[in-house]
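Let me put the structure up on the screen, and then I'll talk you through it.

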Number of protein chains: 2
Amino acid sequence: MDEVGQSRPAGTLINTPDITPDELQLAVRNHSMPLEALRYDITPVGLHYLLIHFDIPVVDASSYELSVGGHVRRQLRLSIDELMARPSTTLAVTLECAGNGRARLHPRPMSQPWLCEAVGTAEWTGTPLAPILEEAGVLDGAVDVVFTGLDRGVQGGVDQHYERSLSLEDAVRAEVLLAYAINGRPLPPQHGFPMRLIVPGWYGMAHVKWLRAITVIDQPFAGYQQARAYHHRMSDGDSGAPVATILPRALMVPPGVPDFMSRTRFVEPSTQVIEGRAWSGRGTIVSVDLSADGGASWMPTTLHDPRSPYAWCGWTCEWDATRPGEYELCVRAGDAAGNVQPLDQSWNVEGVENNAVQRVRVVVGSLADRQVPADSR
Amino acid sequence: MDEVGQSRPAGTLINTPDITPDELQLAVRNHSMPLEALRYDITPVGLHYLLIHFDIPVVDASSYELSVGGHVRRQLRLSIDELMARPSTTLAVTLECAGNGRARLHPRPMSQPWLCEAVGTAEWTGTPLAPILEEAGVLDGAVDVVFTGLDRGVQGGVDQHYERSLSLEDAVRAEVLLAYAINGRPLPPQHGFPMRLIVPGWYGMAHVKWLRAITVIDQPFAGYQQARAYHHRMSDGDSGAPVATILPRALMVPPGVPDFMSRTRFVEPSTQVIEGRAWSGRGTIVSVDLSADGGASWMPTTLHDPRSPYAWCGWTCEWDATRPGEYELCVRAGDAAGNVQPLDQSWNVEGVENNAVQRVRVVVGSLADRQVPADSR
């Protein structure tokens with residue numbers, strides 16, 4: 001429909017590995033975390049992943065008000081100063097997009113084409129939500145708490161502000177925050193200035209940015225992003241299971257140096273310390289294993305303590321890369337709830353909750369002598 | 001060559017609008033500026049465009065030293081504290097990737113597939129380069145000044161640290177800075193921590209990040225990024241013209257609200273104030289014209305003063321969007337040197353210096369009544 005090609009409907013399944021112009025438009029707007037940024041325990045602003053459904057709204061903090069209402073005894077209207085004057089908590093939280101890994105599915109669901117880097121960990125500062133709901137006085141019969149953002153657009157044929165809900169039970173968990181700072185600084189526009197929701201352990205769609213209203217309702221929320229999007233469905237007719245907490249995933253910093261175009265890695269023969277991060281929203285990470293042969297054999301890595309129960313943990317592993325040759329490194333995490341990453345794609349209609357293991361192609365050999373493959377010239 | 005598809009050589013020409021898996025890998029690593037961020041005179045960190053050829057290197061500022069040597073009377077070694085103790089300048093500078101617009105070319109050169117958003121404007125603080133070269137004492141016969149980064153990788157079959165040069169004449173221009181801060185804060189890793197070159201008016205490839213060495217040489221620099229890459233060539237055999245200063249370009253903030261997938265814009269019938277930015281490295285912007293009919297007719301916009309001679313200027317224009325229908329908005333800038341943006345692509349082998357006008361599809365109509373096109377469901 002534009003000069004670069006033919007539009008295809010969102011949600012269409014694509015049978016080629018090639019990416020349509022519409023997918024590219026999303027890929028250039030939305031930012032992945034370059035994998036070498038896994039070196040940072042706390043992701044610097046500008047390297048954290050970003051998925052912005054519509055446009056980043058312009059918000060004037062001086063006139064900003066958060067409304068809290070619906071099925072409550074009294075409506076509240078809170079300015080940013082009032083929110084910041086309340087008790088504050090700072091918590092390191094790993095956020096990951098529910099669609100992370102989508103672009104590696106086959107057939108591929110037409111949406112934001114993430115490879116595997118839609119993740120980041122930040123220190124969020126904010127005020128807990130539960131006491132605010134308590135002040136508003138949630139009435140008997142309350143079911144869901146709806147969070148409405150200032151961002152607006154059309155998706156699935158529906159003109160909407162971005163809205164998601166939590167059950168009342170999830171909403172009053174102690175770790176759920178209304179956050180106004182990231183890594184010790186005010187939120188930048190792209191992370192939800194002046195105020196966003198943080199729901200530790202959940203995929204990114206729950207952490208509503210540019211939050212303008214919190215509404216308690218006495219029936220299940222039926223909004224587009226809750227009832228239609230973000231479900232693990234095996235066919236169009238399948239009602240599916242809603243996406244919620246994050247499945248385990250480990251990622252490594254690709255070793256050596258990259259080829260610009262193919263991102264193939266070149267490593268001088270040596271012992272390499274491979275490092276990375278692993279996380280799960282469903283339980284503590286209990287194992288991270290590394291394979292240098294594409295998943296045929298595995299060795300354990302050493303796990304390091306995370307900053308918080310909701311943040312990724314570091315891991316390190318020595319890899320004997322003294323023998324020249326081509327290798328496929330893989331890494332696989334498991335959590336205390338018994339979830340382990342699959343070797344193969346976990347296909348579904350929307351391409352959500354795909355946590356297949358990362359694979360990195362590495363060529364061990366002397367860079368000085370090496371004839372670089374023709375495909376990277 | 002990897003699990004998502006077939007690798008094709010960098011520089012290959014691609015005849016379909018679809019994007020290969022290798023191009024997608026670059027698109028997810030490298031960040032565009034979402035177009036609504038044109039609202040900010042100074043781009044917030046995290047929204048400025050990023051092109052990182054290899055990996056972001058890890059640098060320990062406490063042991064960092066910049067060496068200045070080669071064809072000079074005395075070598076200098078400068079710590080970050082010594083560099084920061086020197087006279088400082090703060091300057092608003094618009095940076096744009098030389099390959100901006102590449103993904104809209106046909107056939108498309110295989111490299112980073114930018115649409116049109118590879119741009120940003122920051123306030124850079126640093127110390128001028130010229131007095132440092134004066135202290136080192138450039139010897140007679142000096143030709144080029146080579147800037148070497150700490151980032152390393154393989155490109156075009158060549159294992160290299162990222163390196164670019166300037167002629168001695170360009171290097172000693174007063175506005176050329178060794179920058180250690182962006183928007184009043186230390187450089188984040190992705191912008192070249194702890195020190196980078198800023199060459200106002202030039203495309204991004206000149207602004208070497210993670211700068212570790214400055215070397216004066218008595219012959220033209222023949223490094224890969226200078227002599228092979230970044231040339232405007234019409235065929236493989238053409239030696240071409242080196243890429244240098246930025247051609248004019250204007251971009252608009254797309255009006256109304258977007259469709260998630262197609263990014264088509266929906267506008268309620270009304271008078272719209274269209275706003276955006278325009279810049280050129282070759283002369284002051286003297287005209288920005290807006291078209292609502294795909295370039296058939298044009299109306300002038302109002303230009304606003306830029307923050308510096310090297311920063312974009314704002315522009316605004318009222319658009320009578322009261323009549324429902326479909327429109328293609330275009331915007332076109334011209335500079336004082338007589339350069340005007342072309343309506344059509346400016347094709348070349350590498351896909352550099354392409355400054356064809358931006359085109360934005362807008363549907364004017366009531367969002368409440370509107371049947372959203374089937375292609376965005």
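Predicted model: local features only at pLDDT ≥ 70, side-chain atom pairs only at ≥ 80, totals over all residues.

Let's begin where the two chains meet. The contact takes 67 residues from chain A and 67 residues from chain B. On the chain A side, the elements that put in two or more residues are H1, strand S7 (144-155), strand S16 (257-258) and strand S24 (358-364). Which of those gives the largest share of the side of chain A that touches chain B? That's H1(A), with seven residues. If you sort the chain A side by residue type, you get 34 nonpolar, 15 polar and 18 charged.

So let's zoom in on the helices. In chain B, helix H1 covers residues 21-29, and nine of the nine are buried, so the helix is largely enclosed by the rest of the structure. That list runs Pro21(B), Asp22(B), Glu23(B), Leu24(B), Gln25(B), Leu26(B), Ala27(B), Val28(B) and Arg29(B). And what do those buried residues pack against? Helix H1 (21-29) of chain A.

Now the geometry of that pair. The axes of H1(A) and H1(B) come within 8 Å and cross at roughly 30 degrees. The cut-off for roughly parallel is under 35 degrees, and that crossing angle therefore makes H1(A) roughly parallel to H1(B). As for the hand, the crossing of H1(A) and H1(B) is right-handed.

Look at who actually meets whom. From H1(A) you have Leu24(A), Ala27(A) and Val28(A), and they meet Leu24(B), Ala27(B) and Val28(B) from H1(B). By type, the residues of this helix contact are six nonpolar, no polar and no charged.

Is it buried or exposed? Gln25(A) has 22 C-beta neighbours inside 10 Å, and because the threshold is 20 or more, Gln25(A) counts as buried. Leaving aside neighbours within four places in sequence, Gln25(A) is in contact with Leu115(B) and Arg263(B). Within chain A, the C-alpha atoms of Gln25(A) and Pro113(A) are separated by 9.9 Å, and those two are 88 residues apart along the chain.

Okay, on to the sheets. Chain A has an open sheet of six strands, in the order S16-S17-S24-S23-S19-S20, with mixed pairing. At the edges you find S16 and strand S20 (299-300) of chain A, each pairing on one side only. Inside that sheet, strand S19 (residues 285-291) and strand S23 (residues 325-335) of chain A pair in the antiparallel sense over six bridges.

Which residues are on its covered face? Those are Gln358(B), Val360(B), Val362(B) and Val364(B), whereas Arg359(B), Arg361(B) and Val363(B) make up the uncovered one. S24(B) is joined to strand S17 (residues 265-267) of chain B by three bridges, and the two run parallel. There, Arg265(B) has Val362(B) as its bridge partner in S24(B). Strand S23 (residues 325-335) of chain B pairs with S24(B) too, in the antiparallel sense, over seven bridges. In that pairing, Leu329(B) has Val360(B) as its bridge partner.

There's also an open sheet of four strands in chain B, ordered S15-S18-S22-S21, with antiparallel pairing. Strand S15 (249-252) and strand S21 (302-303) of chain B are at the edges with a single partner strand each, so one side of each is left without a neighbour in the sheet.

The peptide bond from His106(A) to Pro107(A) is cis, with omega near -10 degrees. Pro107(A) lies in the loop between strand S4 (89-96) and strand S5 (108-109) of chain A. Another cis bond runs from Phe193(A) to Pro194(A), with omega near 5 degrees.

Then there's positive phi in residues other than glycine. Arg263(A) has phi near 60 degrees, and Trp210(B) has phi near 50 degrees. With 26 C-beta neighbours inside 10 Å, Trp210(B) counts as buried.

That's my tour, so over to you.

How values were computed:
Residues numbered from 1 in each chain as written. Chains lettered and ligands numbered in written order. Buried ≥ 20, exposed ≤ 12 C-beta atoms within 10 Å, placed from the backbone. Contact = placed C-beta atoms within 7 Å. Nonpolar A, V, L, I, M, F, W, Y, C, P; charged D, E, K, R; others polar. Axes fitted to C-alpha atoms, helices over the stretch in contact; angles between N-to-C directions. Parallel < 35°, antiparallel > 145°, perpendicular 65-115°, else oblique. Left-handed = near helix turned anticlockwise from the far one by under 90°. Pairing = 2+ DSSP bridges.
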